[in-house]
Amino acid sequence: MNYADRIDHTLLKPEAVPEQIRNLCREAKEYGFHSVCVNSSYVPLCAEELKNSGIAVCSVVGFPLGAMSTRAKTSEAAGAVLDGASEIDMVLHIGMVKSGNWEYVKNDIAMVRAAVNGKALLKVILETCLLTEEEMITACRICCEAGADYVKTSTGFSAAGATEEAVRLMKKTVGNAAKVKASGGIRTLADAEKMILAGADRLGASAGVQIVEESRRKEGV
């Protein structure tokens, strides 16, 4: 299996400096990752570093809390696309989910969808560790109704990351209406294999190099 093509090579730490982002891009080219995933201020740098490489630039939006205004999220998403992002990973408004304000949640996602104007894939981060099973199911359905291309498990900045159970539930709920991205705590080949078997189409990981190297050793490459 080509694990690299399923991985969004990720660096979202607040203390990340430009040279680390450049190195992220170098690794993405060397290993053939699907994309690099960065905070929006680093999108122009990644777009320049990855020009003509075939590797996508993914920007997080409303990260990591999701509690920003819809106006702030749409502005960040539109700006990231203008700067060269072709994928957007937005955090939904978790507080509105918890309070049952699904109209707000759906509009929040739909407005970001409209802001990227068909120029970028939209992934919506649910932060599953903070949601009940019922909330996850409803959130997945709302994401599909609002036009999301993917539902994503986690930011990696909350109480826990991706679990097989969450991925399985999300995949069952969205069916063919959207894809699933697992992220948060995926550090080994075994972790990656579990998430893919559970139904993940894409993996978000800062340990992408280690995962691919481990898969090559296993296959004797």
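The side chains of Arg113 and Asp149 form a salt bridge with an N to O distance of 2.8 Å, where a salt bridge is a side-chain nitrogen of Lys or Arg within 4 Å of a carboxyl oxygen of Asp or Glu. Because Arg113 belongs to helix H5 (residues 102-116) and Asp149 to the loop between H6 and S6, this pair ties together parts that are 36 residues apart in sequence. Helices here are DSSP runs of H or I with at least four residues, strands are runs of E with at least two, and both are numbered from the N terminus. Arg113 is buried at a relative accessible area of 17%, whereas Asp149 is partly exposed at 26%; buried stands for under 20% relative accessible area, exposed for over 50% and partly exposed for the range in between, with a 1.4 Å probe and protein chains only.

The model is predicted: local features need pLDDT of at least 70, side-chain atom pairs count only at pLDDT 80 or more, and totals for chains, interfaces and linings use all residues. Residues are numbered from 1 along each chain as its sequence is written, and side-chain values use heavy atoms, with hydrogens and water left out.

The chain as a whole contains nine helices and eight strands. Its radius of gyration is 16 Å, close to the 17 Å that the globule rule gives for 221 residues, so the chain is as compact as a globular protein of that length. That radius is taken over C-alpha atoms, and the globule rule is 2.2 Å times the number of residues to the power 0.38. Along the principal axes, the C-alpha atoms fill a box of roughly 50 × 35 × 30 Å. Of the 221 residues, 50% count as buried. Among contacts (heavy atoms within 4.5 Å) between residues at least 6 apart in sequence, 68% join residues at least 24 apart.

The structure holds 19 salt bridges. In one of them, Glu19 meets Arg26 at 2.6 Å, N to O; Glu19 is partly exposed at 42% relative accessibility, and Arg26 is partly exposed at 38%. Another salt bridge joins Asp89 and Lys152, with their closest N and O atoms 2.8 Å apart. This pair links distant parts of the chain, since Asp89 lies in strand S4 (residues 87-91) and Lys152 in strand S6 (residues 150-152), 63 residues apart. Asp89 is buried at 0% relative accessibility, and Lys152 is buried at 3%.

Asp89 and Lys152 also take part in a network of salt bridges that links them with Asp8, Glu87, Lys123, Lys181 and Arg202.

Glu127 presents another case of a buried charge. This residue lies in the loop between strand S5 (121-125) and helix H6 (133-145). Glu127 is buried yet has no salt bridge, and the nearest side chain of opposite charge, that of Lys152, is 9.0 Å away. For charge, Lys and Arg count as positive and Asp and Glu as negative, while His and the chain ends are not counted. The side chain of Glu127 does make a polar contact of 2.6 Å with that of Thr155. A polar contact is a pair of N or O atoms within 3.5 Å; within protein, one must be able to donate a hydrogen and the other to accept it, and residues adjacent in sequence count only if both atoms are side-chain atoms. Beyond four places in sequence, the contacts of Glu127 include Pro64, Ile94, Lys152, Thr153, Ser154 and Thr155.

The cysteines come next. A disulfide is a pair of cysteine sulfur atoms within 2.5 Å, and by this rule the count is zero. Cys37 is in no disulfide, the nearest cysteine sulfur being that of Cys58 at 3.6 Å. Cys37 is buried, with a relative accessible area of 0%. The sulfur of Cys46 is 3.7 Å from the closest cysteine sulfur, in Cys25, which is too far for a bond; Cys46 is likewise buried, at 0%.

Towards the end of the chain, helix H8 (residues 189-198) has Leu189, Ala192, Met195, Ile196 and Ala198 buried. An α-helix has 3.6 residues a turn, so residues three or four places apart point the same way. The cover over the buried residues of H8 includes helix H7 (164-174), strand S7 (179-183), strand S8 (202-205) and helix H9 (208-219). Just after H8, Gly199 adopts a positive phi of about 125°.
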